[in-house]
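Hi everyone, thanks for making time.

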Number of protein chains: 2
Amino acid sequence: MPGPHDRTVRNVLFIMADQLRRDYLSCYGHPTLHTPHLDALAKRGVRFDRAYVQGPVCGPSRMSYYTGRYVTSHGAIWNFVPVSVREQGLGDYLRPHGIRTAVAGKTHMEPDVAGMARLGIERTSEQGVLAEQLGFEPFDRDDGVWPPGFVSEHNQYTAFLKKHGYVSDNPWHDFANSAASPNGEVLSGWEMRYANLPARVKAEHSETPYMTDRAIDFIREQGESPWCLHLSYIKPHWPYVAPAPYHDMYKAEDVLPVKQHSAERGDDAHPVMQGFQRFAGAENFSQEAVRKHVIPVYMGLVKQLDDEIGRLMAHLEQAGRLEDTMIVFCSDHGDYLGDHYLAEKELFHDTVARVPLIVYDPSREADITRGRVESRLVESIDVVPTILTALGVMPQEHILEGRSLQPLLHGEAIADWRDAVFSEMNYAFRDFVRLPIQQPIERCHGYMVSDERWKCVFFDDLRPQLFDLENDPDEFHDLGADPTYAVVRERARERLFEWLRHRKIHPTVSYPRMAAWTRKEQEAGIHICAW
Amino acid sequence: MPGPHDRTVRNVLFIMADQLRRDYLSCYGHPTLHTPHLDALAKRGVRFDRAYVQGPVCGPSRMSYYTGRYVTSHGAIWNFVPVSVREQGLGDYLRPHGIRTAVAGKTHMEPDVAGMARLGIERTSEQGVLAEQLGFEPFDRDDGVWPPGFVSEHNQYTAFLKKHGYVSDNPWHDFANSAASPNGEVLSGWEMRYANLPARVKAEHSETPYMTDRAIDFIREQGESPWCLHLSYIKPHWPYVAPAPYHDMYKAEDVLPVKQHSAERGDDAHPVMQGFQRFAGAENFSQEAVRKHVIPVYMGLVKQLDDEIGRLMAHLEQAGRLEDTMIVFCSDHGDYLGDHYLAEKELFHDTVARVPLIVYDPSREADITRGRVESRLVESIDVVPTILTALGVMPQEHILEGRSLQPLLHGEAIADWRDAVFSEMNYAFRDFVRLPIQQPIERCHGYMVSDERWKCVFFDDLRPQLFDLENDPDEFHDLGADPTYAVVRERARERLFEWLRHRKIHPTVSYPRMAAWTRKEQEAGIHICAW
């Protein structure tokens with residue numbers, strides 16, 4: 001808890017875990033996976049219980065987190081889709097106010113190289129680098145996940161591994177994300193059957209501690225100068241490989257029961273869901289033996305993450321930074337791990353679209369909400385405006401589509417909080433989903449509209465999905481074709497239509513400028529059709 | 001008619017008139033305003049009878065013409081709203097193919113100076129200049145309309161006027177767009193009561209012939225090298241001032257009868273329409289005396305435009321360019337001139353949103369349609385893809401939202417032409433509309449959805465407008481609140497919803513790239529959740 005000092009927010013530590021499910025943290029209810037450090041953070045701040053991401057896959061979700069805009073607005077509809085040069089990120093808003101804004105870890109940002117070339121932007125210029133990083137200074141940008149054969153020359157973590165004696169073309173793969181056979185052969189972490197074996201690195205050389213160290217380096221380097229650091233862990237995202245002792249810390253009994261129901265499979269299941277169930281990984285994870293083999297390792301990776309959060313918090317406390325640093329902890333989406341006969345992500349079940357979100361605000365105004373569990377609907381696009389308001393920077397209302405969480409953090413009375421959350425997906429990139437149902441590439445969009453009770457998902461040309469979150473919290477029973485709920489679906493559809501009409505389409509003109517226009521035109525002597 | 005040569009399209013002359021009503025051309029039915037040169041162009045090509053602009057005001061409409069995208073997509077929702085650096089124009093598509101693409105005249109393009117600064121784009125670099133001009137080389141960019149006091153130093157037309165002895169700080173205003181009192185006093189063309197007096201320039205020095213000369217200069221300069229020129233006349237846009245003899249060529253009897261109906265005024269009129277009727281210019285133009293005083297001059301300006309088109313066509317013919325040059329003639333929107341008790345533009349009546357569009361395609365494939373009047377629905381966003389296909393450049397389907405008119409120009413059988421057109425407006429910039437109805441600045445969007453029979457307009461929080469174009473072609477009777485037509489409105493609303501869901505939001509990833517994704521991922525060795 002902060003001391004008797006000023007406690008104005010001067011810095012922000014914006015932590016993200018990759019593919020972390022909310023129910024695999026003890027503060028969100030996991031019975032045996034104890035995450036005391038994250039739980040302590042929740043006690044210091046506010047734990048949001050209904051936080052949704054704007055897209056249930058890395059790229060779109062992250063671009064929404066970083067831009068404060070829905071996927072439809074920023075346009076990065078899937079992984080590796082470049083964010084157009086039009087879009088601005090957190091750093092673009094904070095840097096003019098003297099706040100160094102950097103990333104240590106993953107962003108999944110794909111630069112708009114064609115747009116940059118057309119505009120003559122040098123990729124190596126200061127502005128070019130920031131454009132490529134969506135406004136983050138790349139203190140140690142590292143997306144990980146280097147497939148075999150990739151050469152990751154300019155990657156700092158790879159250099160670190162080599163320095164510590166893990167030498168190969170791709171030590172990320174060969175050491176940090178692989179195991180070894182008894183005779184020393186590399187057993188690739190891409191293959192889940194090796195998940196139970198320890199990684200070929202010491203824990204201290206694995207990705208999560210490395211990036212924690214880098215964050216500590218950055219924070220030290222900053223001294224008393226203000227900063228905003230996006231610390232973005234690659235884990236517990238696959239490859240599901242953990243270093244000792246995390247690789248065998250959990251047993252099959254610690255794995256949460258699978259969420260599967262016969263109604264979710266077969267011809268009556270939604271065609272898009274059937275499509276994703278066709279993915280080989282989903283077939284693997286649908287087997288109980290695979291789950292019990294792999295998920296304990298996923299849990300180990302979460303445990304390691306929590307331990308590192310503990311180390312980081314200790315550093316912040318010792319450096320006095322807990323008194324002037326806001327901390328945001330979140331995930332870009334969850335991981336099906338076999339639930340609903342699915343693997344990975346991409347659909348809108350709570351398992352994936354509803355994420356952990358904890359915000360610690362050191363200011364006195366937030367003392368009233370410490371330890372609170374907030375159940376109002378929040379969205380990942382709220383993070384940018386929350387950070388801006390905490391740092392005293394006015395959010396650009398005509399660009400940002402999220403709402404500052406500050407009133408919730410400060411326990412203020414709010415008359416009109418949002419009544420629905422929105423998320424988007426696109427399966428155009430997935431042959432095995434699109435081709436069997438013969439959807440044209442431009443008609444593969446899915447939209448989720450969810451309030452606290454009803455989650456409705458709309459697709460082009462296909463029937464909607466509908467889940468009753470109150471009576472069917474596991475989302476087994478798709479009511480999308482049930483005539484009883486026509487009115488519920490129609491209401492959600494209207495909500496989506498209204499939402500679509502109010503996307504922020506004009507980032508180049510602000511509301512105050514619009515409001516002053518008529519007067520300014522007159523002042524400029526433009527008297528149109530005067531007599 | 002082209003001679004017995006090759007007749008492949010190698011050049012494009014894309015002509016736009018500003019604020020030109022379709023019914024003020026004789027080929028579109030004006031009884032006494034003869035426009036023989038445009039009529040002849042229509043005879044050589046195809047005259048489109050149902051062409052709609054994407055926004056009934058200069059900036060948004062033009063940005064749609066130039067980008068081939070709807071207003072919601074390019075984001076320039078009103079005049080002077082900068083087009084974000086993300087957007088590309090005609091020149092950006094043609095230049096890589098060696099086709100010089102330039103503008104002579106007006107574009108109303110407002111550069112995204114803030115975006116350029118953020119990205120470190122030098123405004124004076126080659127790419128910077130093109131970014132500021134939405135891809136057009138500014139051969140002679142001239143938006144005109146320089147209010148009193150403005151200093152138009154770098155304007156070529158202003159320099160031309162000065163060179164010809166019209167010397168003042170703002171000769172555009174003081175000579176080309178003003179008259180003189182008997183004692184030589186400047187009578188500003190901003191005041192319509194002077195419309196009947198001749199401009200203080202000789203006809204040959206007025207804006208329309210000047211820009212025609214510049215087009216001829218450009219075409220001569222190009223010789224046999226391929227080009228695309230946007231020749232964009234400022235007239236007949238206000239100030240309503242014409243040089244002799246055009247200032248008194250037409251009489252009050254030549255003015256088309258006003259389209260006004262008592263049902264359009266008063267408390268039953270749509271609140272947004274009432275708002276625009278409140279504009280001082282609308283009150284002026286609602287008076288018959290004003291119309292009869294001013295419109296003859298508007299007609300003179302149209303007549304001068306037609307004469308200049310004649311001169312230009314003669315040059316093209318003499319230079320042999322009619323055999324390899326596509327010609328597009330259009331308008332950015334009409335002019336109410338008192339119809340519906342309105343002035344200027346901004347709403348969706350056919351008077352304003354439905355424009356003249358004539359396309360001449362020299363190729364043999366188009367011989368079959370010469371002189372045809374095409375009544376299928378077309379949109380201004382069709383111009384870019386039409387030009388691209390004519391020049392053999394593949395349109396970027398994931399960015400461009402219009403359809404190439406080539407099949408219509410070539411008389412091909414088409415199974416599925418569009419069944420509706422869309423246009424957008426925003427009255428947030430208009431105090432006199434927005435404030436009386438207390439709409440927040442972000443809820444002032446209007447959408448038109450029109451098929452051949454029904455034109456429906458939707459606004460935030462207000463009732464829709466509905467016009468029966470078949471039985472009420474003058475659009476006097478707004479059926480927007482009539483319960484008889486609830487089904488018609490609901491159908492249009494569904495159409496709008498569908499349209500909104502399919503805007504092209506991802507300019508950075510093409511459809512073929514999306515279609516190949518799954519396969520490429522596998523080839524890259526990314527085997528997710530493999531066992």
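Let's start at one side chain: that of Ser61(B), which reaches the backbone oxygen of Asp332(B) at 2.7 Å. Keep in mind as we go that this is a predicted model.

Where does Ser61(B) sit? You'll find Ser61(B) in helix α2 of chain B, which runs over residues 58–67. Is Ser61(B) buried or exposed? With a relative accessibility of 0%, against a cut-off of under 20% for buried, Ser61(B) counts as buried. Leaving out residues up to four places away in sequence, Ser61(B) touches Val53(B), Gly55(B) and Asp332(B). For a sense of scale, take Gly371(B): 310 residues along the chain from Ser61(B), with 27 Å between the two C-alpha atoms.

Staying in chain B, let's move to His173(B), which has its place in helix α8, residues 171–176. His173(B) is buried too, at 7% relative accessible area. Its side chain makes a polar contact, at 2.7 Å, with the side chain of Asp174(B). Beyond the neighbours within four places in sequence, the residues in contact with His173(B) are Trp146(B), Pro148(B), Ser178(B), Ser188(B) and Trp190(B).

Now over to chain A and its helix α1, residues 36–44. Which residues of this helix are buried? They are Leu38(A), Leu41(A), Ala42(A) and Arg44(A). Looking down the axis of α1(A), those buried residues fall within an arc of 160°, so they line one face of the helix. In general, an α-helix has 3.6 residues a turn, so residues three or four places apart point the same way. What do the buried residues of α1(A) pack against? Their partners in chain A are β2 (46–52), α12 (288–318), β8 (325–331) and β9 (354–360).

Stepping back, an unreviewed UniProt entry annotates residues 10–393 of chain A as "domain: Sulfatase N-terminal". That span is 33% helix and 15% strand, and its end C-alpha atoms lie 11 Å apart.

Finally, how do the two chains relate? Chain A superposes on chain B by a rotation of 180° with 0.0 Å of shift along the axis, at an RMSD of 0.0 Å. That is the relation of a two-fold axis. The same surface serves both copies, as 100% of the contact residues of chain A recur in chain B. Within chain A, Arg86(A) comes closest to the rotation axis, its C-alpha lying at 2.6 Å.

Notes: Residues are numbered from 1 along each chain as its sequence is written. Chains are lettered from A and ligands numbered from 1 in the order in which they are written. This is a predicted model: local features need pLDDT of at least 70, side-chain atom pairs count only at pLDDT 80 or more; totals for chains, interfaces and linings use all residues. Side-chain values use heavy atoms; hydrogens and water are left out. Helices (H or I, at least four residues) and strands (E, at least two) are DSSP runs, numbered from the N terminus. Buried means under 20% relative accessible area, exposed over 50%, partly exposed in between (1.4 Å probe, protein chains only). A polar contact is a pair of N or O atoms within 3.5 Å; within protein, one must be able to donate a hydrogen and the other to accept it, and residues adjacent in sequence count only if both atoms are side-chain atoms. Contact means heavy atoms within 4.5 Å. UniProt positions are given in the numbering used here, feature names are shortened, and annotations may be inferred rather than shown by experiment. The arc is that of the directions from the helix axis to the C-beta atoms. Copies are superposed by least squares on the C-alpha atoms of residues with pLDDT of at least 70 in both.
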